[in-house]
Each structure stands twice: as structure tokens, then as C-alpha cells.
Amino acid sequence: MAFLDGETLAVPHQVASIELIEPKKEGFDYGAFLEHVEDRLAFVPRYRQRVRVVPGRIAYPVWADDDRFDLTYHVRRSALPRPGSMDQLLDLAGRIVSRPLDRSRPLWELYVIEGLAGDRVALVTKTHQALVDGAETVDLVQLLLDDKPEVGPVVPDLWEPPQPQSSARLVAGAVFDAVTSVSGLTGTARSLGGYALGRVTGVAKDFQNAGAGIARVLTRRPPERPTPLSGTLSQQRLVVTLQADLADFRRIRDTHGGTVNDVVLAAVTGGLRAWLMTRQQSLAGVRQVPALVPVSVIDEELDPTQLGSAVAPHFVVLPVAEPSPVVRLHQVSYSFEQHKANARTVSAQRLAGISGFAPATFHMVGSRVAAESEHDYLLSVCNVPGPQEPRYAAGSRLVASYPIHPLADGHTLAIGVTSYDGQVFFAITADRDLVPDASLVGQCISEALDELLDTASGRRFRAPRGLRVVKNSGE
């Protein structure tokens, strides 16, 4: 529940995604899709539960069945003016991810957006990080997607709206749980004391910051150099998406070594370098970008997810000041070679072979890992390999999947990446006020991939290939 306590309007703790689907020849049947969602909810009871605060806050908030659960509130139908463009979809998606979820209801929403060019339909999901922790449940998108166009048999759903639970009963249950669990009792005490401690710590930090400012004035020291990757966030977000052929990443990997994930990070590094230079940012001040990269590992000391492996943070320094694309790639690869020596990294083939659409859950858990990290970093990049065979949602084929990661407090950019069915899909989340040129970040990553591809094909000129950039987004 810490993800609820630390949430603000400017820093909502929610993960989103855009799934593009191609309906069957008969067209998209919204009613059938709604039934499909209702059927799959039987596998994730948490999606029908809401957060109940214990009166007096004598214990942690609890999950309780929502006695007024309304599926049509959570699955919302919308449309773009035909033929809707990707720019228009991203504008709408940006507005959706900027709004916090209603805490009085189960913490998820799914927007069915029709009217896209080519009769495609977009599914824009938004789920709170507290809802999916990997150990308790999986992301709904994973359950909505099947490996065959035929919809399987409906699972009997015996769920019924419960009787409203009184405050007295809620308190009694919380007290019972607290006194019968040592960990619960100490955790509650720690939580209750945390508020007062937080207030004292906040005041102390205010004095500390003020003292540091006075010291800089007295010693004529300049203030710490701000970077385009950090700042005080607004409530508005921009979303930019990119798409590339997975074969291009593999060609670069086969030429220079490493992994596809190394190539992804090298392209991001080159893109950041070019973007910083367009902003006339001195690379003497930003020579390296510390990045957090969640990875799947087999580790007995970590709690595994329901998908069989744990997700751990890996920290890598992106060498943005390095002019050579090949050297950048080798430096990133070397960092991960050190990681492999210390942990049992799960192979991409194993992750891609998990049933359903595992990237949805791994991105959710990866975003939690980034949010919980106490390590200093400027950028999170989460890359999850997905299945290379088609997936279907109620008979409609999935053609694209863009994972939209939330921004951590003080971080202006976050990048999610998913490979699926021969393609690699990027989604860049940016603060609208601090990074209004987020589309340029995407364009620079596109050019960085082209640059790497040139080194793998022997060409000296830059060919117009690689990522296809979709500019713009929403509030």
C-alpha cells in the first residue's frame, strides 16, 4: 500500500499501455469484447476489489470486494473521428495517463478506442501499481490475449457483489490481524510512526536545503547543474511511440556481440546524446546518464512473481558523451556482462515463451522496482521480450503493444520497450512542461538505431530505415 501513500497528483503511480488490434472481417464487436473481459476477471479477483482505509488508520488499508462494481465504468468506449491517426490516439492517451484513478473504485481502467485508420481498434489500459505486484496477481492484458483467434470456453464466474462491510467490522478485522501477526503489528507501528517521522524529516530537509543555499552564496559556489532529465513534475504527460524491425536489432547484435537488450540501450544512449546536443546541453556536464534497467532473474533472496522469476534492478551508466556508436554498445554490453556474473538472468526465450502476454505483467512489476529503488538514477528503461507469434483479444489480432511507464518523482523521462511478432515497440513517457520536445527524443533514438545499423551493414551513408516515429501526445 506504500504506492498509495506516496502518490501525488503530479506523480500518479499507474502504468498504462496501448494495444492496437485488427478486428476480424466481421468488424469489432464491443459487446463480445466486454463479455471477454468479464470472463477473464474470474482469474484476477483483485480487479473487483477496492482499497478500504481502516478507521483511525490503526492498520494498513485493506483490499475489499467492491459491492457496487460496474464493469462498464472500468471498460470505457470511445472513438476518434475517422480515419483517426496515431497522433490523435497518442494525444488522447496522454490525457488518459495524466489523470489519476478513482480510489473509491477498483484501481484500473480500459479504454476501447475505435475509429482508427484501417479499422483498427486501440485498447488503452491504466492500472495502479498497487494492484499488481507479481506475487499476488498478473496484469489483465496478459489474460485478455490468447495464442489462438478462437475464444476458449467461458469460465463459470461465481462472484457476486458482497454485502457492504461496516466500519466496526473493518476495525475488528484489522485489530485481529495486527495482534495475531508480529510482522503486521510491527509494520503498523512503523507505518503510524512514519507519518510523524516524515513531518520531522521534511522540516529537517527544508532547513538543510536552506542551509546549503546560504553556504553556496557565502562560498560563491554555483548551484547544482540542472539536467533535462530531472525537475519538478507537472500533472501533464506526453507519450511518443516508436516501432522497428526486430531483425535490425539482431543484425547489430550478431555483428558486434552482446544482446538485443544491449542494442536497445545503445540506441537509447545515442538518442539521448543527440537530443542533449540539440538542446545545446554541454556534454561536459552530462557525460553519463545513470539508468535503472529492471531485469528478470532467478534469485532465492527475492520474491518470485507468478510468472516464475523475480524482477531486480540493474544499474547501468549510459555513456552519452561517447561519439562512437560501437563503443557505446560495447560499454553497455560490458555492464551487463558484470551483471550476469552476479545473478542468474532469465533468457529472453524463456520470457517470450510464457503463456498469454507476459510483457504486460513484467512491465508492471518493473515499474514497481523502479519506483521502490533508493539508488540515484536519471532514467528508467524497461525492455521485456514478448512472444514472436501473434496474439489475439476476443478473436482480434494484436498488431502493436506500447508499454507506457510512469514518471518517478523528479524524473522527466521513462522508456518502456516490448518486442513482439518480429517488431520492437518503444513508448516514451515525458513531462509535458519539462520535455515539450519529447517527439525529438524519439526521432533521435530512431537516428541512433540507423547509425548502429550502418555499422553492421558496411554502409557509410545513413539509410532512411529503422524506427518509425509517431510525434505528439496529450495532456
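Select strand 8, residues 237-245, together with strand 16, residues 423-431. Nine bridges join these two strands, and they run antiparallel. This is a predicted model.

Are they buried or exposed? Nine of the nine residues in strand 16 are buried. Gln423, Phe425, Ala427, Thr429 and Asp431 point one way. Val424, Phe426, Ile428 and Ala430 point the other way. Both sets are buried.

Strand 15 pairs with strand 16 in the antiparallel sense, over eight bridges. Click Leu413 and look across: Ala430 of strand 16 stands opposite.

Next, go to the turn. Strand 15 and strand 16 form a hairpin with two residues between them. Phi of Asp421 is positive, about 50 degrees, although the residue is not a glycine. Most residues other than glycine have a negative phi. Asp421 counts as partly exposed because its relative accessible area is 25%, between the 20% and 50% cut-offs.

Which order do the strands take in the open sheet of seven? The order is 4-5-6-1-14-13-7, with mixed pairing. Colour strand 4 (75-84) and strand 7 (145-146): these are the edge strands, and each pairs on one side only. Then select helix 4, residues 86-98, which packs on the sheet. Helix 4 touches strand 1, strand 4, strand 5, strand 6 and strand 14. The direction of helix 4 makes about 150 degrees with that of strand 4.

Within the sheet, zoom in on strand 13 (residues 392-393) and strand 14 (residues 396-404). Two bridges join them, and the strands run antiparallel. Tyr392 stands opposite Arg397 in strand 14.

Go back to strand 4 and find Pro83, which lies in that strand. What kind of peptide bond joins Arg82 and Pro83? The bond is cis, with omega about -10 degrees. Most peptide bonds are trans.

Last stop: select Asp119, in the loop between strand 5 and strand 6. Asp119 is not a glycine, yet its phi is positive, near 60 degrees. Asp119 counts as exposed because its relative accessibility is 56%, over the 50% cut-off.

Conventions:
Residues numbered from 1 in each chain as written. Predicted model: local features only at pLDDT ≥ 70, side-chain atom pairs only at ≥ 80, totals over all residues. Heavy atoms only, no water. Pairing = 2+ DSSP bridges. Helix = DSSP H or I, 4+ residues; strand = E, 2+ residues; numbered from the N terminus. Contact = heavy atoms within 4.5 Å. Axes fitted to C-alpha atoms, helices over the stretch in contact; angles between N-to-C directions. Buried < 20%, exposed > 50% of the residue type's maximum accessible area, 1.4 Å probe, protein only.
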